[in-house]
Structures are given as structure tokens and as C-alpha cells.
Amino acid sequence: MDGGRKWAPGFSVVLLTLLSHLASALEVPLDLPQPPTITLQSPKDYIFDPRENIVIHCEAKGKPHPSFSWTRNGTHFDVEKDSKVLMKPGSGTLVIDISGEKAEAYEGTYQCTAHNDHGTALSNKIVIRQSRSPLWSKERNEAVVVQKGVSLVLQCRPPAGLPPPVIFWMDNNFHRLPLDKRVSQALNGDLYFSNVLPEDSRPDYICYARFPHTQTIQQKQPISLTVLDNNPEGDHQPGFMYPMGSTSTKMVLRGETLELECIAEGLPTPDISWQKDGGELPSGRVSFQTFQKTLKISDVVEADAGDYRCTATNRLGSTHHIIKVTVKAAPFWISAPRNLILAPNETGVLMCRVGGEPKPKITWFVNGVAIETCSPGSSAVYQCNASNEFGYLMANAFVNVLAEAPRILTPPNRVYQVITNNPALLHCASFGSPIPVITWFKDIQTSIKDGDPYVIHENGTLEIHVAQPLNSGKYTCIATNNLGIKENHVFLEVKEPTRIIKQPEYKVVQRGMRAAFECTVKHDPTLIPTMTWLKDSGEAARRQEVAGEPGGRPTENAGHASNAAVLSGLWWMPTL
């Protein structure tokens, strides 16, 4: 990315769907009519093991319960006509039995649809691919003969698997070849020698590829290496084996891990160091591997773009290579569209805010059908799709048109207990359409206004920042809309904290004598504390040497304190 170029903070597309509010955290009780909501789906990229069944998840809720259907490669997938495919009852999840079948026949792009009378929700497009561990192409490797001190690369070049294989080098006895700053394995699996020594000679340099899904391991034909010492290469300053030249480029996506690699030849073996021109390496996200030859930056952000300089140094000189890093981004959410619950004749706004580089294209759908504008209507599910060349995002958000009197979802007569000077949260979860207005009263008559010491949150919860005993009492929350009114009562008890006002004191006693420790506790008069004695940080043994008054169980959330003294014994020894 150009040094002077900055991303826009994101852009949004607003869809006017039908006095306007967002009901982002509002859950529609499941006994009320509502469009489908996808609750579980498989990842966008699904690589399956051909030895196991393919399971493509799709679960949804709604009222009435949704029915499910699928497309494959953009056309209807008739599940009932394929005896190898089972859709789980009450669910859209597919189980595909590929035993005895050609697994490739079920590769493709799948999408689940959940439908009821109030709308249609879509899953992501799920790309199904079979894991592969192809055989190494047959080849005969020529023996490698080189002079001492020269640089060398032994190529691995494994077959392209899905997912890519893990590479490692071993000998015929399955012993891993030792790696150090002189001999290292590159990210692509090739084996690099900054300079060779006679002890590198051996007939069995073998590259192995382990394919994760199938847990199969394949090997390349052995490579024989002979290092001669009759015309050795002399000491020389460093040069880069990879990357070649003085500069190279690297593109990385936001959120991924940036891996930069510099491998140098030279004699003596060069040391590698890294810096970012005009900036600092990001502390906490940077790491070095393969004897400093690999620089990794996790969870890449825009600010990680720039020029990275790797320097190779030995006693004869140094050289550097600059890697120009650009950061792009698949679409990412700044604010995904959220469900709307609207009363008849209300209006609402669905907002889809995304970031990305390049700028994503946003398309709106309603019940799976592309739209340009939206006119007043009934309940439906809207889809926002944001895409660029690096990927896409898709979110469902329903508009549920309801006329519903208030109901309070918080259980009645709940008792909240807190300690003095701590915050108290009294809940009043409600539902209704239009969204109910919440008001609070203390001891039925005193109206509570939003302000110190009270805060009434958007979800109806009443917060008392610093609870005092005078705040104890009965609280009533009332939910009101134009269709009705509903109230609920809760109770707050503010307790004094439990404190130790006289601690046990350090004592020295003779062996066999009784030791008495006093612990005086001040506590809320409505509570009975439980006394626990500790010895050397462990619970004291229940013997007659340790005595105390039995106590009751403390009220939950009422506070607890304990302390202990060290119990010592004095041992007498006869003098000679």
C-alpha cells in the first residue's frame, strides 16, 4: 500500500424499509410470529475427508418453525432424489454418505435456505472440497557434488495437496536432519545451505510431505550430496539466496499473518537482522523464526504496510534486501445489519457498514431476491452482501412487523443482594411492539429519574452506582406502549460488608500447651458468617487443638473475609 494512502474508515449503505428505532438486542419470544434466523452453519470453506461422511450444518429458528432447502452450484439441490443424502428432521443439516461413491461428485458450492410465512433467510455460500494427498511424481534425482564453502539449495517441491502439506527433511532412518543458522528449511520446504561443509555429505536427504486431513506421509526420492575439499570456496561477504535482487514485494490480507523470509549465503555464515524503514516493528505481534530468517507479524493491520529491510552480515561485510509490503482487506464488518421489530406504520432503518481494500460492493436482497429499493410491506428477511476480490460477507436481518402489548421477561419478585458501596443492577427485560417505555418506582410511589445516583439503561436495567443501605427496598418497573401496560416488582437488599476487626496475633508456645487465637468479625446483622481457620495457607485440621464457635452459611453475594496467624511450636532439646 502506498505510504500516503489511507483507508476510509468504512462506508455504509442504508436501506429504508418501512418514528425510527433499532431493536438490536431485542429477542422476539419464540411463541410470537417471527421470520427465520440462521443459528448455525458450516464454515465458508469446508474440506472433507473422503473416508468420512460429509456433514453440512444449517440450523434456524423462527415461528412457525422454518422449512429448509438447498442449492448446489446455484441450482436447486433435490435432496429427496439422492439416496445418499439425508436432511436431519426439523433441521437443514445435510449428511452425505460418500462410502462407495465418488466423493468428487459432491464437491461444489452449497447454500441453505430457511423459509416460513414471514420470510426467507440464507446461509453463507459453503464451498465443499475433498482433501487430497496426491502422489509425488516419479523422478530420479541427480547426485549433487559441490565444493566446500559454496551455497546450495535442495528442492522439495511437494505435490499440491488440499490443504497444503507439512514439510520436513529426514534421513533413511527417519531421523530429522539438524537445522541451524547455516542449514535451514524455507517456508516453501526447500533446504538451504548458506555454505556447505564436508560433514554435510550423505546419500539420503529426503523431503517428506505430511497431508493433515488424511494423515498420510509421502516422500521424495533421496538426494545424494557430496562435498569436495580439493578446491574450497574462500571466505566471502553475504549475498541473498532468497529473495533475489535488492527489492521484492509482498501482499498480505488484514487479519492474517505476515511472513517475510530472507535467506543469505556467505562464509562465515551471515547473521540476519530486521527493521522497518520509517517505523517500528509492532511489539507484541512480531516474532522471529528459523534463526532470524523469518519475520512473522500476526493479526495484520493497515499500519503494517511499508518497507521491511533484512540485513545479512558477516565479518567481511553486509548486504540488505527491502520487501515492500502492501495490506489489502477482504470485507469486514464495522456494523452488520441488525433485526428490526416494528409496529404497523412505523419506519425503520437497516444499516450495513463494512470496510475493505479495495472498497467492497454492497448488494441488498429481500428473502433472497436482489432489490434496488424497499417499499412499505410486511415482515421479511433482508440480506446485505459485501464483496471484493478477496472475499465476501453476508448477513441476514429480519424486519418483523408486530402489534404486541408489553410483557416483562425478568422473573417477578427477584431479590438482589449487594454489599454497601458496590454497584447494584436491577433488571427489567421486556418485549413489546412498539418497543415499551420503561419507568421505575421505588416503594411504589417514588418515581426514579435517569441521573445520579441512578442510570436507566436502554434495555430497561436500573443501575445504582454506589449502593447504600437507604437504597434497600421494593422497586417496580413498568413497561408501557400504546397497546398496554405491564409491571414487575423486584427487591434490593444492601448489606454491610463482613470485616475482621481483631486479627489473630502471632504466638510462641511450648509444645503440648494450648494456643488460643481470637478473631473478631463485624458483619451485617441479618447474616451469620461462616468462620474458616487456615494454617500455613491450608484449612486447619479439625482437632481439639483448634476451637471455634460454629457459624451459619453466609448469604450469597453478602461478602466474606478471613485471616490467619502462623501457629509455631517451641521444641526443647537437652544440653550436653
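Asp299 counts as partly exposed, at 49% relative accessibility (buried is under 20% relative accessible area, exposed is over 50%, and partly exposed is in between, with a 1.4 Å probe and protein chains only). This is a predicted model, so local features need pLDDT of at least 70 and side-chain atom pairs count only at pLDDT 80 or more, while totals for chains, interfaces and linings use all residues. Residues are numbered from 1 along each chain as its sequence is written, and side-chain values use heavy atoms, with hydrogens and water left out.

**Backbone: phi and omega**

- Some background for this group: most residues other than glycine have a negative phi, and most peptide bonds are trans.
- Asp299 isn't a glycine, yet its phi is positive, at about 50°.
- You'll find Asp299 in the loop between β27 and β28 (306-314); strands here are DSSP runs (E, at least two residues), helices are H or I runs of at least four, and both are numbered from the N terminus.
- Gln292 is another residue other than glycine with a positive phi, near 75°.
- Gln292 sits in the loop between β26 (286-289) and β27 (294-297), and its relative accessible area of 34% makes it partly exposed.
- Leu162 and Pro163 are joined by a cis peptide bond, with omega about -5°; Pro163 belongs to the loop between β14 (152-154) and β15 (166-170).
- Tyr242 and Pro243 are also joined by a cis peptide bond, with omega about -10°.
- Pro243 falls in the loop between β21 (236-242) and β22 (247-253).

**Salt bridges**

- In general, side chains of opposite charge can pair when their charged atoms come close.
- The structure holds 20 salt bridges, a salt bridge being a side-chain nitrogen of Lys or Arg within 4 Å of a carboxyl oxygen of Asp or Glu.
- One of them brings together the side chains of Lys220 and Glu139, at 2.7 Å from N to O.
- That pair links distant parts of the chain, 81 residues apart: Lys220 is in the loop between β19 (216-219) and β20 (223-228), and Glu139 is in the loop between β12 (126-130) and β13 (144-147).
- Is Lys220 buried or exposed? At 6% relative accessibility, Lys220 counts as buried, whereas Glu139 is partly exposed, with a relative accessible area of 33%.
- Lys324 and Asp307 meet through their side chains in a salt bridge too, at 3.4 Å from N to O.
- Lys324 lies in strand β29 (residues 317-335) and Asp307 in strand β28, so this pair ties together parts that are 17 residues apart in sequence.
- Both ends have some accessible surface: Lys324 is partly exposed at 38% relative accessibility, and Asp307 is partly exposed with a relative accessible area of 24%.
- Lys442 has a salt bridge with Asp443, where the closest N and O atoms are 3.0 Å apart.
- In that pair, Lys442 counts as buried at 12% relative accessibility, while Asp443 is partly exposed with a relative accessible area of 41%.
- There's also a network: Asp31, Glu404 and Arg407 are joined by salt bridges that share partners.

**A five-strand sheet**

- What is the strand order in the open sheet of five strands? The order runs β37-β45-β44-β40-β41, and the pairing is mixed.
- At the edges are β37 (414-419) and β41 (446-448), each of which pairs on one side only; two strands pair if DSSP finds at least two bridges between them.
- From one strand to the next, the twist averages 30°, with axes being lines fitted to C-alpha atoms (for helices, over the stretch in contact) and angles running from 0 to 180 degrees between N-to-C directions.
- Strand β40 (residues 437-442) pairs with strand β44 (residues 473-481) in the antiparallel sense, over six bridges.
- Val437 has Thr480 as its bridge partner in β44.

**Around Lys61**

- Lys61 is part of strand β5 (residues 58-63) and counts as partly exposed, at 25% relative accessibility.
- Which residues does Lys61 touch, not counting residues up to four places away in sequence? They are Glu27, Leu30, Pro35, Pro36, Thr37, Thr39 and Pro66, where contact means heavy atoms within 4.5 Å.
- From C-alpha to C-alpha, Lys61 and Ala114 are 8.7 Å apart in space, and they are 53 residues apart in sequence.
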